[in-house]
Structure formats: structure tokens, C-alpha cells
Amino acid sequence: MRVDGLAIVLRPRSQSEACDLGLALVRAHAGSIWRCYTPVLLAAAVLAMCTVDLGGGWPVLVLFWLKPWLDRSLLFVMSRAVFGEATRWSDLWRARRQVFGGQFLRTLLLRRFSPWRAYTQPIEQLEGQRGAARRKRASLMLNDNRGAAMALQAAFVHAEAVLGYALIALVWWFAPENRSAGVWDWFFHPDAHEAGRLGLDIATASAYMLVVLFLEPFFVAAGFAMYLNRRVVLEAWDIEQEFRRAFT
């Protein structure tokens, strides 16, 4: 990584402060992020909705399983954002083989169960590490940071659940006063109502998709910022950045 080209100020931070840096990165480059991420999510959402007739929450499960693959497009945009580069859909499409095709099976199988996915993802996608080199690098990056990486994932899991329930609850809150009891009963006994289980599955899947659309960029950015912060500590990037500024 070209330290001299970074558009962010590097210094050792606590990992919680590094997460704040990641959230600020999303706010600063929101246009690039959602411009590239929204079409990818919509494609995954269409695929997920094709399973709605199977019942049992299949659309939510499919989208949940595809999230590590969706994160690859977000990390691509953010890896350019730290250099101050805007990303258009055409940029993402030109890099589609690297972004969407790289380590496809590993992304959807092994990484789906990783408790620190956002933190270690740059090792595989940006550094291109493989095999023993990847495991050694991940162990070094995770040293003394496993707890912080797991806490990040746990925090966003809870935030995702709260936002999802809140969106579904809006159906009850905005229902006419004389229908609110029926809506509440529909949530728990969908087969006994006109809207039925299919309607409930569609409402639940739609709420989850909106939550993933909004929240996932912040999750990926927080993990990426924690990764950058760890490299600052390990490789003294802050000192190198200051020297380069001093002598240019």
C-alpha cells in the first residue's frame, strides 16, 4: 500500500477510535459507496426473493449468506476512498473479476462463519495472501485484537437485529387504530390472516434488505479502519507518513 498517497492521517489509535474513523470514511464517501453497492445488493435481493415461495425465511437466509460476497464490493470502494479517490460503477465493473470472482467459494463458506470477518477481509482481498502466508498474517493481525474484532461483529449483529425489528414494527405503528390488533396477530399467526405467511415473509425480507443496504457499509468500514490501525502499529506507517511529508 502506498503510504504516501493516503488521504487520511495515520496515527496509533485505540480500536474503538479506529472504528469511528471508519464511520467517518463512510460519511465522507457516501456517494461512491452507495452508488456502487446498491446495484450489487439489488441483484442479490432479487436472487433472494426468488426463494420466497419456499417459505421459512429463505430470502433472509440467502441474503445473510451472501453478505461476505457483498462486502467485497464495499471494501474495493473503501480501499480507493482512503486515497481520496471517488469510485463509479464503471470502476467496480472493470475490476469485477478481482472483486466478485476472487476466492468465491472461500468467501461464501469459510468466511461466512468468521467471527472477525470485517477485520481480516483486507488480508485476503487487498494483500492477496494465500495458504500458510495468509494464516500467519491473520494470526499476527489478530494478536491482542481478537476481542475487539469479535466485539465489532457482535455490535453490528445487535444493531442489525434492532433496526430490522424496528422496520417491521412500523407496519404495526402505522396501521389504523382499529386494525393494529389484527396486524399484531398477523405477526404471530400469519396463516390465519388474509395477508398470510407469504406477505409476512416478503415484509420481513424487505426490512432485512433495507437494513443491510444501510448498515453493511459501516460494518465493513469499521473493520477496514481497525485493520489499517493495526498496520500503523505494526509497521509504523504514521512515522513514514510524517517523514514523507517533511521531505516533499
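Predicted model: local features only at pLDDT ≥ 70, side-chain atom pairs only at ≥ 80, totals over all residues.
Let's start with two helices, H2 (residues 30–49) and H3 (residues 58–81). Their axes come within 9 Å of each other and cross at roughly 160 degrees. Angles over 145 degrees count as roughly antiparallel, so H2 is roughly antiparallel to H3. If you check the handedness, the crossing of H2 and H3 turns out to be right-handed.

What sits where these two helices meet? On the H2 side you'll find, among others, Ile33, Tyr37, Val40, Leu41 and Leu47. Facing them from H3 are residues including Val62, Leu63, Leu66, Trp69 and Leu70. Sorted by class, the contact between H2 and H3 holds 18 nonpolar residues and 2 polar ones, with no charged residues.

Now zoom out to the largest nonpolar core, which has 58 residues. Which of its members touch the most other members? They are Leu63, Leu70, Met78, Tyr119, Leu152 and Phe224. Several helices give two or more residues to this core: H1 (15–28), H2, H3, H5 (96–100), H7 (117–125), H8 (131–142), H9 (146–173) and H11 (196–235). The largest share, 16 residues, comes from H11.

Leaving out residues up to four places away in sequence, Tyr119 touches Gln15, Met141, Leu142, Asn145, Ala149, Gly223, Met226, Tyr227 and Arg230.

Next, find Cys19 in helix H1. Is Cys19 buried or exposed? Its relative accessible area is 16%, and buried means under 20%, so Cys19 counts as buried. Apart from neighbours within four places in sequence, Cys19 is in contact with Leu152, Ala222 and Met226. You've met two of these names already: Leu152 is on the list of core residues that touch the most other members, and Met226 is also touched by Tyr119. Cys19 and Asn229 are 210 residues apart along the chain, yet their C-alpha atoms are separated by 9.4 Å.

Finally, head over to Glu124 in helix H7. Glu124 has a relative accessibility of 7%, so this residue is buried too. What does Glu124 touch, not counting residues up to four places away in sequence? The list is Gln103, Arg106, Arg111, Gln129, Arg130 and Arg134.

Definitions and conventions. Residues numbered from 1 in each chain as written. Heavy atoms only, no water. Axes fitted to C-alpha atoms, helices over the stretch in contact; angles between N-to-C directions. Helix = DSSP H or I, 4+ residues; strand = E, 2+ residues; numbered from the N terminus. Parallel < 35°, antiparallel > 145°, perpendicular 65-115°, else oblique. Left-handed = near helix turned anticlockwise from the far one by under 90°. Contact = heavy atoms within 4.5 Å. Nonpolar A, V, L, I, M, F, W, Y, C, P; charged D, E, K, R; others polar. Core = buried A, V, L, I, M, F, W, Y, C linked by side-chain atoms within 4.5 Å. Buried < 20%, exposed > 50% of the residue type's maximum accessible area, 1.4 Å probe, protein only.
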